[in-house]
Amino acid sequence: MSTPAPNHPPVNRRQFFRDGARLAAMTGLGAFLGVAATRSRASQNTVWQIDPSKCVYCGQCATACVLKPSAVKCVQSYEICGYCDLCTGYFVPQPNSLDTGAENQVCPTAAIERKFIEDPYFEYNIDENRCIGCAKCVEGCTRFGNGSFYLQVRHDRCLNCNECSIARVCAGDAFHRVPASEPYVIKTTAHE
Amino acid sequence: MKPHRRRAGFSRRDFLRAGGAVLAGAAVTRTGQAADSRKPNPWAYDVSGFEKTDPKLVRYRELRRFKSPHRDARRLALGPDGRVWIAAGNYVCAIDPAGNSVAEIAFAVPARCVAVANDGAVIVGLRDHLEVFDAQGKRQAAWDSPGKRTWFSGLAATETAVFAADSGSRAVLHYDRSGKLVGRIGEKNKDRDIPGFVLPSPYLDVVLHPDGLLRVNNAGRHQVQAFTVSGDLEASWGKPTMAIDGFCGCCNPVALAVLPDGRCVTCEKGLPRVKVYSLHGDFDCVVAGVESFSENAQTSKGDQAGDGVKASLDAAADAKGHIYVLDTVTSEVRVMAPKATA
Amino acid sequence: MSLRRFGIAAFALLAPLWNGGLALAEQRFPPPEFETGYKMPAITTPAPRGLAMEYVDVAVLVTALGVAAWLVHRKRSRRGLIVLSLFSLVYFGFYRKGCICPIGAPQNVAYGLFNPDYAIPVTALAFFLVPLLFSLFSGRTFCSGVCPHGALQDLVLIKPVKVPLWLEQGLSIVPYIFLGAGVLFAATGAGFVICRFDPFIPLFRMTGSFFILCLAGGFLLTSLFVGRPFCRFLCPYGALLRLGSLVSKWRVRITPDYCTQCRLCEQSCPFGAIREPLVATANPAALAPDRRRLGWLLLLLPVLIAVGAWGGSKLSVPASRLHPTVALAEKYLDPKKPAPTPGSATPETLALTRADENAEAILTTAAAVRRKFDVGGWWFGGWVGLVVGLRLVSLSTRTARADFEPDRGSCYACGRCYLACPNERVRVGLLSPAEAAGLNANRAASRVAASART
């Protein structure tokens with residue numbers, strides 16, 4: 001009943017136009033690639049990181065990250081730490097006693113370990129599996145002490161989102177893209 | 001038409017229905033709190049309760065204030081002629097009682113502390129060594145560095161001796177005026193019952209007391225300690241608490257001064273406040289509370305300089321009982337006088 | 001603009017205070033000396049995902065695109081595409097958590113082009129360009145089985161409902177507008193809105209804010225009944241692929257060899273992409289009103305662009321508030337801003353304190369961003385006008401078609417229509433040629449009967 005359509009239609013005007021447009025599009029994509037590849041002054045992939053000197057301890061790192069718990073964790077720069085007995089990053093402002101009782105700890109998830117080293121020094125470590133990145137200890141340590149606690153984006157957890165959802169709400173404008181070859185902003189004794 | 005082939009076998013639709021429900025359910029149970037910038041930070045380290053001072057305790061008023069000619073002021077000292085010497089940035093400068101800058105000494109590195117002896121000699125502490133100047137600011141001598149760990153943070157000087165608080169080696173170094181190291185005071189020593197200085201940060205200060213002893217702040221132990229010139233520990237007082245009668249935070253006080261009547265002036269950081277204690281260490285009154293240092297009290301000011309000596313206070317007292325308070329954040333000096341007693 | 005003027009004034013006022021902030025290289029105060037030989041632990045710095053793994057992603061993308069093209073055009077296998085979709089869903093979706101994906105990549109490219117300090121990652125560039133290149137040859141094969149978003153929607157589609165044509169045509173310009181908005185906000189540095197409102201990424205990550213999870217649930221539920229709602233009515237990258245596939249070398253052919261006009265395929269497409277044959281009208285006079293309308297529309301096009309550009313320029317101020325610095329600057333200049341209260345600091349008051357300390361820097365930046373938006377608003381508005389105009393033009397043109405064939409732009413190459421075609425069923429051995437002939441005879445008879453009734 002029906003007439004079979006020809007298998008190979010002859011090259012017509014529409015086909016010609018389409019071929020031309022495709023060629024133009026490919027040229028365009030190539031040119032675009034060239035521009036995009038040469039335009040940038042930077043040459044490296046980037047990751048998100050916190051500049052500790054800009055952090056204002058607003059608490060958004062704990063809530064705004066797409067990960068739960070956040071990929072932002074508190075880190076401890078031991079060479080800056082005073083190893084204080086009365087650590088204001090570990091204890092609440094007015095602790096009942098200087099022991100590991102939960103009511104004395106500033107950390108809401110008890111993620112800081114206190115370890116006796118020698119009189120009168122104590123070592124403090126962060127358990128990153130518990131840390132939620134709320135910066136409460138960071139604020140305590142920085143206000144009264146040396147600021148050896150500070151927040152960093154931990155790249156074993158961070159998904160490196162195109163648009164970091166914490167960066168968008170960071171009250172201190174502390175989030176920036178940093179070169180992937182130097183993915184941390186670490187505080188050391190040699191400080192600039 | 002033939003029935004759909006797949007419908008007879010495994011039911012992709014049921015599978016997807018269940019899978020979709022699980023997916024949505026899992027996502028919903030893991031819903032995070034929305035970040036709301038208007039809600040108070042539930043994790044704030046809240047010391048606001050300690051930032052208010054009972055006005056009844058404040059028994060000093062501000063006479064006047066003047067700005068340091070240079071930024072990053074760290075310590076101040078009073079000369080016998082009434083001039084105020086300030087170690088600020090890479091300078092040490094002198095300001096006369098009228099508030100005019102009258103002398104200035106420049107250094108290549110930050111000047112960390114300064115003391116003026118009664119004969120007018122000015123001793124300046126740089127991180128690792130001391131330098132001596134005359135009252136006009138002419139360099140007389142530069143002494144050798146006593147050690148690699150040295151980090152001078154406080155000075156006191158008489159006509160015959162210089163006491164230099166070395167935070168790095170956790171000791172007060174006793175020099176004679178020629179620069180010879182005579183003794184080391186306050187180092188940990190079980191035999192002499194000296195517990196040693198605990199200094200998480202470079203804030204060791206030393207002042208000369210009219211009773212002939214030195215007063216040194218053992219910040220990590222929240223104490224003021226009295227040493228003889230020969231290094232015996234005579235007394236210690238002070239307790240750790242955020243309350244007004246003690247020393248707050250992890251390491252306070254950070255600076256000392258002595259009033260003509262022998263009472264001791266203490267400065268704290270974190271909760272920036274200046275207080276007066278009796279000879280025996282009983283809390284006496286407040287010179288200036290946290291309210292007076294609003295900029296200094298901001299946590300974010302605490303960590304701006306690399307060596308952690310940004311947000312703190314220093315004090316000196318003159319013969320009239322006026323207390324000169326230096327705010328290291330604003331680099332301002334306030335002159336505080338006792339209120340007229342009611 | 002008051003903001004800009006204030007920025008200059010503030011700069012002039014505060015400039016004398018801006019004399020430093022550069023700390024000297026200083027040594028920090030050393031930690032205590034321990035007597036017990038205690039060794040300080042070192043701070044750990046776990047490395048980010050290696051660059052090599054990103055090249056693996058690109059390789060997987062290219063391979064999957066190749067396989068998809070082969071499955072669509074050579075193998076003609078719907079089942080193969082389902083398997084590939086599942087793989088993409090697992091790899092690009094649940095394993096790679098949907099990032100990087102081509103949908104968001106135009107933003108990286110736009111951001112990189114307008115902010116030379118940002119290096120466009122090689123992966124972002126590859127993910128942007130490679131599917132486009134493929135679309136020039138094999139149509140939307142990326143959508144068919146490589147995109148995790150498409151795969152998810154396609155796999156959950158249970159009971160397709162036909163979307164009315166007017167709604168379909170109206171909504172199908174949204175992706176172009178969304179693309180324009182994505183490029184505008186990325187180029188001005190205000191953020192990556194395409195990523196922010198992506199409804200499926202939260203499902204891949206299994207986390208998200210309440211709002212975004214509601215959006216995700218809504219889209220997922222809709223996709224049970226409406227074929228690929230995100231792809232059709234929102235996906236900005238799909239808009240680009242649609243353009244690319246308009247000129248693709250190979251197209252999806254429903255029938256393996258020739259069309260018998262049996263109309264069996266007509267209902268098989270859940271996306272309304274199959275177009276019926278259109279025979280050129282014999283009477284040219286009947287075409288005259290259409291031609292006239294087309295002429296008017298072509299004349300209207302520049303007007304629409306101009307109107308759009310004007311409207312876009314009006315939108316630039318509110319749009320610029322999406323930039324965090326502009327938002328902060330406006331809040332800072334607002335006389336009713338909340339005062340900082342000690343003890344109950346909010347992120348907002350903390351940001352305002354920061355603004356207070358760096359007022360001139362923040363106001364200058366905000367003014368600069370707003371200037372970018374002033375220019376970008378014109379471009380964006382003009383783009384919207386162009387999109388609307390071209391849609392009207394395309395609705396007024398006719399393309400003669402002899403056979404039932406999928407629309408080049410709208411076809412997602414999902415392969416559902418293949419097995420609807422009796423000729424295809426004969427090809428794969430599900431139907432004998434005789435059965436197929438009978439089927440065609442039946443269909444033809446019913447069509448004759450239907451035409452007889454009218």
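The model is predicted, so local features need pLDDT of at least 70 and side-chain atom pairs count only at pLDDT 80 or more, while totals for chains, interfaces and linings use all residues. Residues are numbered from 1 along each chain as its sequence is written, chains are lettered from A and ligands numbered from 1 in the order in which they are written, and side-chain values use heavy atoms, with hydrogens and water left out.

On the chain C side, the elements giving two or more residues to the contact with chain A are strand S1 (26-27) and helices H2 (51-75), H4 (105-114), H5 (122-138), H10 (193-196) and H17 (347-357) of chain C; helices (H or I, at least four residues) and strands (E, at least two) are DSSP runs, numbered from the N terminus. H5(C) supplies the largest share of this side, eight residues. Sorted by class, the side has 47 nonpolar, 12 polar and 14 charged residues; Ala, Val, Leu, Ile, Met, Phe, Trp, Tyr, Cys and Pro count as nonpolar, Asp, Glu, Lys and Arg as charged, and the others, Gly among them, as polar. In total, 73 residues from chain C and 71 residues from chain A take part, contact meaning heavy atoms within 4.5 Å.

The size of an interface is often given as the accessible area lost when the parts come together. For chain C and chain A, the buried area (accessible area, 1.4 Å probe, that two parts lose on being put together, summed over both) is about 5800 Å², and carbon and sulfur atoms give 62% of that. One salt bridge is counted between chain C and chain A, namely Arg196(C) with Glu163(A) at 2.8 Å, N to O. The term covers a side-chain nitrogen of Lys or Arg within 4 Å of a carboxyl oxygen of Asp or Glu.

Over all chains, the whole structure has 43 salt bridges. In chain B, Glu268(B) pairs with Lys275(B), their closest N and O atoms 2.7 Å apart. Glu268(B) is buried at 0% relative accessibility, and Lys275(B) is likewise buried at 0%; buried means under 20% relative accessible area, exposed over 50%, and partly exposed in between (1.4 Å probe, protein chains only). Elsewhere in chain B, Asp245(B) and Lys239(B) form a salt bridge at 2.8 Å, N to O. Here Asp245(B) is partly exposed at 28%, and Lys239(B) is partly exposed at 42%.

Back in chain C, Arg370(C) and Glu330(C) meet in a salt bridge at 2.6 Å, N to O. Arg370(C) lies in helix H18 (residues 359-395) and Glu330(C) in helix H16 (residues 324-333), so the pair ties together parts 40 residues apart in sequence.

Finally, consider the largest nonpolar core, with 75 residues; a core is a set of buried Ala, Val, Leu, Ile, Met, Phe, Trp, Tyr and Cys residues joined through side-chain atoms within 4.5 Å. H5(C) gives the most to this core, nine residues. Among the members that touch the most others are Phe128(C) and Phe200(C).
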